[in-house]
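This report looks at charged side-chain contacts and at strand pairing. Please keep the sequence and the model in view while reading.

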Amino acid sequence: LEELLKDGSSEIEEVTDKRLTTAQRRHWEAVRKGGLVVDHKGLSEDLGTAEGPPFFYLDFEHINAAMPVFDGASPFELTVFQFSLHRCEVFPPPPAPEIGLSSAEAGLTHVDFLSDGSQASL
């Protein structure tokens, strides 16, 4: 950071990619392009080694509040308050809504949790 500031770069758009790490370069590219950057080759390689089905898709939301919201939580502790988990029994999963299949017919099962404020995740 100090080197970038010395070079007069105070905004990410002013930074060149010459001294960036791989992770920094991905973020820089995303800002430069104004959207998501996907490493298709790396993703294909990683998914190519996956064994299954079943496959699981997890989405969750969390907070890390300075003043804990839930009993037993500590300040700034990551606390999951909502999640959604899909289990897929076939791969690739068929686009169920587009072809008129129910989730069960498409080989998908789903569980979710949304805190009512009395507790965090299960």
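## Terms and basis

A residue is called buried when its relative accessible area is under 20%, exposed when that area is over 50%, and partly exposed in between, with a 1.4 Å probe and protein chains only. The model is a predicted one, in which local features need pLDDT of at least 70 and side-chain atom pairs count only at pLDDT 80 or more, whereas totals for chains, interfaces and linings use all residues. Residues are numbered from 1 along each chain as its sequence is written, and side-chain values use heavy atoms, with hydrogens and water left out.

## Salt bridges within helices

A salt bridge is taken here as a side-chain nitrogen of Lys or Arg within 4 Å of a carboxyl oxygen of Asp or Glu, and the structure holds four of them. Helices (H or I, at least four residues) and strands (E, at least two) are DSSP runs numbered from the N terminus.

One of the salt bridges links the side chains of Glu-29 and Lys-33, with an N to O distance of 3.8 Å. These two residues lie four apart in helix α2 (residues 22–33), so about one helical turn separates Glu-29 from Lys-33. Glu-29 is buried at 18% relative accessibility, while Lys-33 is exposed at 59%.

In helix α3 (residues 40–48), Lys-41 and Glu-45 are likewise four residues apart, which means that about one helical turn lies between them. Their side chains form a salt bridge at 3.6 Å, N to O. Lys-41 is exposed, with a relative accessibility of 62%, and Glu-45 is partly exposed, with a relative accessible area of 46%.

## Strand pairing

Two strands are said to pair if DSSP finds at least two bridges between them. Strand β1 (residues 55–63) pairs with strand β2 (residues 79–88) in the antiparallel sense, over nine bridges, and Glu-61 stands opposite Gln-82 in β2.

Strand β2 is also joined to strand β3 (residues 108–114), by seven bridges and again antiparallel. In this pairing Ser-84 stands opposite Asp-112 in β3. In a regular strand, side chains alternate between the two faces of the sheet.
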